[in-house]
Protein chains: 2
Amino acid sequence: MPKRVDHEERRAQIAEALIQVAGRRGLHAVGMRDVAAEAGVSLRLVQYYFETKEKLLFYGLRHLTDRFTARVGARLAAAGPDPGPRATVEALLLASLPTDEESRTFHLLYSSYAILSVTDEALAAQPFIDNPDAAENALTGLLEHAQGAGLADPDADARTEAISLLAMAATMGTSILVGQRSPESAIAVLQHHLDRIFTTSGTAERVAGSS
Amino acid sequence: MPKRVDHEERRAQIAEALIQVAGRRGLHAVGMRDVAAEAGVSLRLVQYYFETKEKLLFYGLRHLTDRFTARVGARLAAAGPDPGPRATVEALLLASLPTDEESRTFHLLYSSYAILSVTDEALAAQPFIDNPDAAENALTGLLEHAQGAGLADPDADARTEAISLLAMAATMGTSILVGQRSPESAIAVLQHHLDRIFTTSGTAERVAGSS
DNA sequence: CCCTTCATGATACCGACGTACCATATTGGT
DNA sequence: ACCAATATGGTACGTCGGTATCATGAAGGG
């Protein structure tokens, strides 16, 4: 037998190529030959590791979300050990904004997949749908924890605010993507709402909030 | 010469067919032949009125936004003559939510065009980019007017709130589209923020309008 | 040592799609 | 009434993209 190669590693390499070329020319414009050229392999190889284009696209989606999850995790780790709830929330929200090339590609492709899934039931059945729910639950928990610690407005509805923050971050991400809004203004809007939800380390609410 | 036909009307008819088929199978999957079949004309006719597919797509975008603008206008008119600021804002925001087949199609296609425009500079140069700015300005003016009339929190930043409301409505529209969220929960979140911004109770516009 | 199995390359096939070309019916103007 | 411009149909052409087929190299096991 020939040099037993790691299939999973090869697949990841090819999926990476898919993400790169799709990020440049758009997901709709990507072809098997483009992916092969970008990965530096032959067309046959792409066929070998992913029998069909549909499977390649599905794997690409999974790879994309995995990479993004890892990136968010790194951002959280970079925020230091045990940061405050607000710092954690900020890190989560700002990590999803397309501020550099990698996050820009992620935002573009994730949006493309989402729009595709509306009219493609096979894609809609893929596992990327539950990701937003997880983010919503995590953010809700974070806000509730902050409320319990007296750091956030106790009268706020944590889940509603979590939904709102994620919704704003998502649309503004797209606005940044199309060049309609600057990252700075998007961050300013998010900060405005965080200022509203989190009590500003001040004296007044702290007395009422802490047991 | 043969029966001089109204070119603009024909173009509108074909563009309508484009919207219908694109709403069903996705904008990426639409072809000239599909549009021709949907419109009940020959492929040659589509070529005759739109020389190229690109021009057909551009015209379709314009037609889509025009129809949506008319729809929002109708919603506003249906809200009665001189409704209160909150009722107007509600009508604007709820009109953009994909609650029926027409708005669902609009949301899907507008999002598709927007995502396409990220990697297609010819599409990015089309006139649909300034539409969001217009909505933002209109909503900001509405909020400022409400503040002036003592109906809204005077300490709120009108433009920031306008941006936030539109952003939330947009993302939630997409969430409804992909079946991740119900229209009711989206409306509830928007109402929550309107309750926060507008100070007077729900029947304010009635009192201000009649008595 | 050779055979089997995995990995990879080159290329052919087939359908779809956008576009171009040719043809023809219809009717308004003089 | 005839010409010419307009409107519309049918169809062919070239290309591109996904998939399938054939072929070959490379190594580990009996």
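From the N terminus on, the elements of chain A run α-α-α-α-α-α-α-α-α-α-α, and the count for this chain is 11 helices and zero strands, where helices (H or I, at least four residues) and strands (E, at least two) are DSSP runs numbered from the N terminus. This is a predicted model, in which local features need pLDDT of at least 70 and side-chain atom pairs count only at pLDDT 80 or more, while totals for chains, interfaces and linings use all residues. Residues are numbered from 1 along each chain as its sequence is written, chains are lettered from A and ligands numbered from 1 in the order in which they are written, and side-chain values use heavy atoms, with hydrogens and water left out. The C-alpha trace of chain A spans about 70 × 40 × 30 Å along its principal axes.

**Helix α1 with helix α2, chain A**

- The axes of α1(A) (residues 7-25) and α2(A) (residues 32-39) come within 8 Å and cross at roughly 115°, the axes being lines fitted to C-alpha atoms, for helices over the stretch in contact, with angles that run from 0 to 180 degrees between N-to-C directions.
- The two helices α1(A) and α2(A) are therefore roughly perpendicular to each other, given that angles under 35 degrees count as roughly parallel, over 145 as roughly antiparallel, 65 to 115 as roughly perpendicular and the rest as oblique.
- On the α1(A) side the contact (heavy atoms within 4.5 Å) involves A:Gln13, A:Ile14, A:Ala17, A:Leu18, A:Gln20, A:Val21, A:Arg24 and A:Arg25, and on the α2(A) side A:Asp34, A:Val35, A:Glu38 and A:Ala39.
- By class, the contact of α1(A) with α2(A) comprises six nonpolar, two polar and four charged residues, with Ala, Val, Leu, Ile, Met, Phe, Trp, Tyr, Cys and Pro counted as nonpolar, Asp, Glu, Lys and Arg as charged, and the others, Gly among them, as polar.

**Helix α4 with helix α5, chain A**

- The axes of α4(A) (residues 53-78) and α5(A) (residues 85-95) come within 9 Å and cross at roughly 145°.
- Here A:Phe68, A:Arg71, A:Val72, A:Arg75 and A:Leu76 of α4(A) make the contact with A:Thr88, A:Ala91, A:Leu92, A:Leu94 and A:Ala95 of α5(A), a set that divides into seven nonpolar, one polar and two charged residues.

**Helix α9 with helix α10, chain A**

- The axes of α9(A) (residues 158-177) and α10(A) (residues 183-197) come within 9 Å and cross at roughly 170°, which makes α9(A) roughly antiparallel to α10(A).
- Among the residues of α9(A) that meet α10(A) are A:Leu165, A:Met168 and A:Met172, and their partners in α10(A) include A:Val189, A:Leu190 and A:His193.
- The residues of the contact of α9(A) with α10(A) divide into 11 nonpolar, one polar and two charged.

**B:Gln147**

- B:Gln147 lies in helix α8 (residues 130-148) of chain B, and its side chain reaches the backbone oxygen of B:Ala156 at 2.9 Å.
- Leaving aside neighbours within four places in sequence, B:Gln147 is in contact with B:Ala152, B:Asp153, B:Pro154, B:Ala156 and B:Ala158.

**Relation of the two chains**

- Chain A can be laid on chain B with an RMSD of 0.2 Å by a turn of 180° and a shift of 0.0 Å along the axis, with copies superposed by least squares on the C-alpha atoms of residues with pLDDT of at least 70 in both.
- The two copies are thus related as by a two-fold rotation axis.
- The same surface serves both copies, in that 100% of the contact residues of chain A recur in chain B.

Terms used: Polar contact = N/O pair within 3.5 Å; in protein donor to acceptor, adjacent residues only side chain to side chain.
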